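These are my notebook entries on a structure I looked up. I begin with the whole chain and then turn to a single residue.

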Amino acid sequence: MAKTIAILNFKGGVGKTTTAINLGAALRLLKKKVLLIDLDFQCNTTYTLNFEVGDGETVYDALVAKEGDVELPIYEYQDGYDFVPASVQLETVGEQLVNRLRKEEILKRVVAPYAELYDYILIDCPPNGGILNINAMSASDSLLVPIDCEVYSLQGMKMITDKYREVKEYINPELEIEGYLLTRYDGRLGLHKMAAAQMHQKYPGKVFNARIRRNTDLSKTPAEHQTIFEYNPQAIGAEDYMQLAREITGIKRKSTGKR
């Protein structure tokens with residue numbers, strides 16, 4: 001049975017897509033079978049995995065299809081690493097679902113038949129608190145929250161926490177926080193060290209020991225339609241995402257060290 005993790009933050013530019021793609025690749029290297037669902041109308045995951053929007057069905061088609069035998073349009077990126085592409089039409093999906101019963105759980109119903117086929121299902125979420133993110137939280141076992149070490153990112157944590165608690169109380173009582181992931185981290189900067197300390201103090205035991213350090217190689221991978229493990233397996237980005245994957249698959253988190 002797959003563990004489903006929504007990679008979510010209502011703020012853009014914090015590394016959600018980078019995390020979704022490279023965490024999936026790292027899990028695959030750990031011999032886990034992975035399905036990555038792009039739920040973001042910006043389609044960045046879809047682009048990076050080299051799927052041209054318009055070439056075939058997307059997650060949008062599955063969400064707006066009439067109830068019945070709805071199939072997810074699953075494509076293979078690599079052996080053991082599949083994905084469901086997004087569409088720009090997702091930006092208006094709320095209008096399409098407005099009259100649907102239990103519209104907050106449509107993705108959950110669509111994904112459920114595939115849970116036996118994978119070890120992990122990852123959902124790359126859009127940067128807002130709308131119906132798509134509610135669907136992602138409803139369909140998931142846990143949330144992974146990437147957060148860069150800037151003031152505005154830290155201030156936005158309350159919105160995520162409030163929405164998480166609301167969904168947990170009214171829709172998905174099994175939903176948990178997988179962890180908070182510090183991204184674009186630079187241990188030389190006092191602000192970043194302070195942000196890390198604040199996160200550990202506010203969310204004890206829920207901040208990953210893995211930190212995604214600033215790495216120019218990570219920013220180059222989308223244009224090459226590759227994961228960091230293909231582009232440069234020796235990069236610090238590859239090291240960091242592999243550490244994250246190992247934590248998620250069960251290696252005990254250690255107390256935070258300075259990096």
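I first looked up burial, and 53% of the 259 residues of the protein count as buried, where buried means under 20% relative accessible area, exposed over 50% and partly exposed in between, with a 1.4 Å probe and protein chains only.

I noted that this is a predicted model, in which local features need pLDDT of at least 70 and side-chain atom pairs count only at pLDDT 80 or more, while totals for chains, interfaces and linings use all residues. Residues are numbered from 1 along each chain as its sequence is written, and side-chain values use heavy atoms, with hydrogens and water left out.

For confidence, I found a mean pLDDT of 91, with 94% of the residues at 70 or more; pLDDT is the predictor's confidence in each residue, from 0 to 100. Over residues 253-259, however, pLDDT stays under 50.

Next I looked up valine 59, which is found in helix α3, residues 59-64, a helix being a DSSP run of H or I of at least four residues, numbered from the N terminus. Valine 59 counts as buried because its relative accessibility is 0%. Leaving aside neighbours within four places in sequence, I listed its contacts (heavy atoms within 4.5 Å), among them Ile37, Leu72, Val84 and Leu107.

Last, I checked a distance: valine 59 and asparagine 209 are 150 residues apart in sequence, and their C-alpha atoms are 33 Å apart in space.

Notes. Helix = DSSP H or I, 4+ residues; strand = E, 2+ residues; numbered from the N terminus.
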